[in-house]
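Dear colleague,

Please find below the structure that I am handing over to you.

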Amino acid sequence: MEERYCSHCGQENTEPKESIGHLIGHFIEDVTHFDSKLFTTLKDLVLRPGFLTREYVAGRRVQYLNPIRMYIFISAVFFLVLFAGRKEEGTVVGEGHAVNLFRQRVADSLRDVGGVSPQDVGGESLRGKGGSGLRSEGVDSVRRRVNQELAASLDTVEKGKAGEESMFFSAGAGGKIVIDLVQTRYHSLREYDSLEPHLPDSLRHTGFWGWVARRNMKLKEEHGGRGHIRIEKDLEHTIPKLMFVFLPLFALYTGWFYSRRKYYYVQHAIFSIHFHSFAFLIFLVLTLVSLLGVSVGLVMGGYLLVFAYLVAALRGMYGQSWGLSLVKGILVSVLYAVTIGLSMWVLAVVAILQA
């Protein structure tokens with residue numbers, strides 16, 4: 001070769017047999033070069049919203065870290081910190097599957113022997129009756145009341161209003177889905193199937209809620225609970241995978257509000273990567289701060305900061321006014337929030353199915 005580098009492939013013309021000193025020097029050079037790129041990229045990412053995307057689109061990329069590499073690095077650190085020490089949880093029913101199931105079966109057996117129905121659980125207690133009352137009753141009546149007392153003490157039905165129903169659902173809090181299903185109207189799946197079709201439309205479970213109510217009854221029979229099912233599902237392995245769906249969707253939503261002749265989808269995709277890299281960086285810092293015991297308003301403050309950055313990044317990348325950037329930032333955020341919400345509901349259904 002006439003020059004230092006090959007004109008076809010760019011390979012440097014060096015001696016193939018390198019010394020240990022040369023290898024160590026090359027390693028130090030690569031590490032310091034990576035660090036300088038990382039710090040420069042992070043500085044411009046945080047302090048100059050939209051600048052990195054604009055530079056990438058213009059072809060000025062050598063002095064900055066590759067967007068995909070930066071996103072993978074920041075998101076990996078964020079999820080590692082967020083889920084550190086987390087143990088996956090599943091269906092929780094009172095004292096546990098075996099204990100609940102055993103207690104409920106004993107209670108049902110006592111009712112069958114004594115002729116006591118589940119609706120009689122809240123009946124009058126023997127403790128309120130005097131000895132003369134017991135003597136005046138027959139042996140069968142006393143046995144029935146004793147069985148009723150024992151069944152009531154063993155029953156896993158939670159104390160509360162008869163017919164009480166509620167469903168509490170929260171997603172993303174602490175990186176998990178929590179579903180609380182409370183239902184005391186029915187005592188068994190068989191009772192549900194026999195009575196539910198005859199209820200008026202205003203009281204009947206229909207559609208999605210009908211499926212949830214029936215699944216709730218089945219879970220309670222399987223786990224021995226009769227009033228309350230709590231399902232907790234960690235999203236440690238799910239959220240990172242979902243991000244590879246959310247990233248291109250966010251780019252798609254952004255592209256809807258800008259000229260297709262002027263901007264290509266790949267440019268919106270780079271913008272999406274830079275925006276999410278900043279978001280993960282902010283929430284990484286907030287997560288570390290929360291470990292120190294400071295958590296008041298951190299989540300809401302983080303969301304407001306990320307939204308403000310989105311508006312500034314839209315203006316910095318696409319060069320429109322603050323007013324237009326604000327409106328488009330709101331619209332993109334609403335579409336994105338709806339997408340995330342629907343995804344959480346899908347994950348909730350999957351969690352109920354897997355419980």
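A polar contact is a pair of N or O atoms within 3.5 Å; within protein, one must be able to donate a hydrogen and the other to accept it, and residues adjacent in sequence count only if both atoms are side-chain atoms. Helices are DSSP runs (H or I, at least four residues), numbered from the N terminus.

This is a predicted model, in which local features need pLDDT of at least 70, side-chain atom pairs count only at pLDDT 80 or more, and totals for chains, interfaces and linings use all residues. Residues are numbered from 1 along each chain as its sequence is written, and side-chain values use heavy atoms, with hydrogens and water left out.

At the start of α3, a side-chain oxygen of N66 comes to within 3.0 Å of the backbone nitrogen of I68. Helix α3 comprises residues 67-82. Its buried residues (under 20% relative accessible area, 1.4 Å probe, protein chains only) include P67, M70, Y71, I74, S75, F78 and F79. Because these cover an arc of only 145° around the axis (taken from the directions from the helix axis to the C-beta atoms), they lie on the same side of α3. On the other side, R69 and L80 are exposed, that is, over 50%.

The structure also holds 1 cavity of 30 Å³ or more, a cavity being a set of points on a 1 Å grid over the protein atoms alone where a 1.4 Å probe fits but cannot get out. Lining residues have an atom within 4 Å of a point.

Methods
1 Å grid on protein atoms, 1.4 Å probe; cavity = no way out; pocket = protein on both sides within 12 Å on 5 of 7 lines; lining within 4 Å. Points joined across faces, edges and corners; volume = space filled by probe spheres on them. Helix = DSSP H or I, 4+ residues; strand = E, 2+ residues; numbered from the N terminus. Expected span 1.5 Å × (residues − 1).
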